[in-house]
Amino acid sequence: MTTAYTAGSQGQSGSRLRGIVAAVRWALRKPQFWFGASIILPTLIWYWMFSFRPILNALRLAVVQYRVLNPAASKFVGLDNFFQLFEHPLFFISVRNTLLWAALAFVFILPLSIFIATCLANIRRGRNTYQAIIFVPVVVSLVAVSLLFRMLMDPEVGMFNQILRALHLPESRWLAGTSSALPTIVAVGSWKGLGFYVVILTAGILHIPEELYDAALVDGANEWQRFWRITLPLLGHTLLLVTVLLAIGTLQEFTFPFVMTRGGPGDATYVYNMLIYSEAFEDLRFGTATAAALLQFVLILFISLVQIRLLRPRWSY
């Protein structure tokens, strides 16, 4: 009986295998298969060359003492690159500044973008024009904006202090003060990227059914109650998207502090990506720089997963 059962199992496996082979042959004879393959294959090659392969190379670089002139002679050092990174005098300073940058950006951008998006959603005529105006700073060059505000905020000859002088108001050190430099750059960066989040939130608010607002108005709800009880809860999925994108963007900030202050004054605006840049392209320690980049990836992934876990709505409409 055992022999018969084994033979039956082998027969079923063989017939299943023959069915799979026949299905593959049938698919290969279809022109739709080759059309789809011709569309997907370039995309897969692109992702392999510029995404998956660099990630695999990064995992290798993080555990070797990379030699630029002779990569084949790079010595395996295990976790030494990570230990050297933790011993770097600017490591914890850069982490602190980066987390502070992200926190300030949330304080600046999230409430303001929700307020502007709510106002835009209530506009019937000219909404697209206002959105376009608000979105203009997003498409302007980062370097151009950084250089412009660096000139405007010069403590001696900058236009901002000249205006304050003319109004007999106290002047500010702006980018030259250790306590004011980071909030100032975050404010400039928030102004630059605000339009992106406003557009997303406006689209989310406009997606909420009008019938809910009409029913609340009939029940006597005022503007604040309609916002608090209808708009904000039903905006949950969009808010989750905005917070995740905002966290990813702010934790990878580099251009504004690099161009405007070079991490100064002192180390007041020295962020984590500047540490990676310095290790890789100034000191040519690619192993340590790669280890720092992998730690950044793990941190951003962890924060994003926590945000999704805590903020993801359990309903849909």
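A: Axes here are lines fitted to C-alpha atoms, for helices over the stretch in contact, and the angle between two axes runs from 0 to 180 degrees between N-to-C directions. Helices (H or I, at least four residues) and strands (E, at least two) are DSSP runs, numbered from the N terminus. The model is predicted, and local features need pLDDT of at least 70, side-chain atom pairs count only at pLDDT 80 or more, while totals for chains, interfaces and linings use all residues. Residues are numbered from 1 along each chain as its sequence is written, and side-chain values use heavy atoms, with hydrogens and water left out.

Two packed helices are described by the angle between their axes and the distance between the axes. Take α6 (residues 142-152) and α8 (residues 181-206): their axes come within 11 Å and cross at roughly 140°. The angle makes α6 oblique to α8; angles under 35 degrees count as roughly parallel, over 145 as roughly antiparallel, 65 to 115 as roughly perpendicular, and the rest as oblique. The crossing of α6 and α8 is right-handed. A crossing is left-handed if the near helix is turned anticlockwise from the far one by less than a right angle, and right-handed if clockwise. On the α6 side the contact (heavy atoms within 4.5 Å) is made by L142, V145 and F149, and on the α8 side by V188, W191 and K192. Sorted by class, the contact of α6 with α8 has five nonpolar residues, no polar ones and one charged. In this sorting Ala, Val, Leu, Ile, Met, Phe, Trp, Tyr, Cys and Pro count as nonpolar, Asp, Glu, Lys and Arg as charged, and the others, Gly among them, as polar.

Helix α8 also packs against α4, at an angle of about 40° and with the axes 7 Å apart. That angle makes α4 oblique to α8, and their crossing is right-handed. The contact of α4 with α8 has 23 nonpolar, five polar and no charged residues. Helix α4 spans residues 91-121 and holds N97. With a relative accessible area of 2%, N97 is buried; buried means under 20% relative accessible area, exposed over 50%, and partly exposed in between (1.4 Å probe, protein chains only). Neighbours within four places in sequence aside, N97 touches L182, D267, A268, T269, Y270 and V271.

The loop between α12 (255-260) and α13 (272-282) contains P265. The peptide bond leading from G264 to P265 is cis, with omega near -5°. P265 has a relative accessible area of 22% and is therefore partly exposed. Apart from neighbours within four places in sequence, P265 is in contact with L175, A176, G177, T178 and A181. From C-alpha to C-alpha, P265 and M159 are 20 Å apart in space, and 106 residues separate them in sequence.

W174, in the loop between α7 (159-166) and α8, has a positive phi of about 50° although it is not a glycine. L284, in the loop between α13 and α14, is likewise a residue other than glycine with a positive phi, near 60°. At 49% relative accessibility, L284 counts as partly exposed.

Helix α14 covers residues 286-311 and includes Q307. Its packing partner here is α11 (residues 236-250), with the axes 10 Å apart and an angle of about 165°. The two helices are therefore roughly antiparallel, and α11 passes α14 in a right-handed crossing. Residues L240, T243, V244, A247 and I248 of α11 meet I300, I303, S304, Q307, I308 and L311 of α14. By class, the contact of α11 with α14 has eight nonpolar, three polar and no charged residues.

Q307 is buried, at 11% relative accessibility. A polar atom of the Q307 side chain lies 3.2 Å from the backbone oxygen of T243. A polar contact is a pair of N or O atoms within 3.5 Å; within protein, one must be able to donate a hydrogen and the other to accept it, and residues adjacent in sequence count only if both atoms are side-chain atoms. Not counting residues up to four places away in sequence, Q307 touches F106, L240, T243, V244, A247 and R312.
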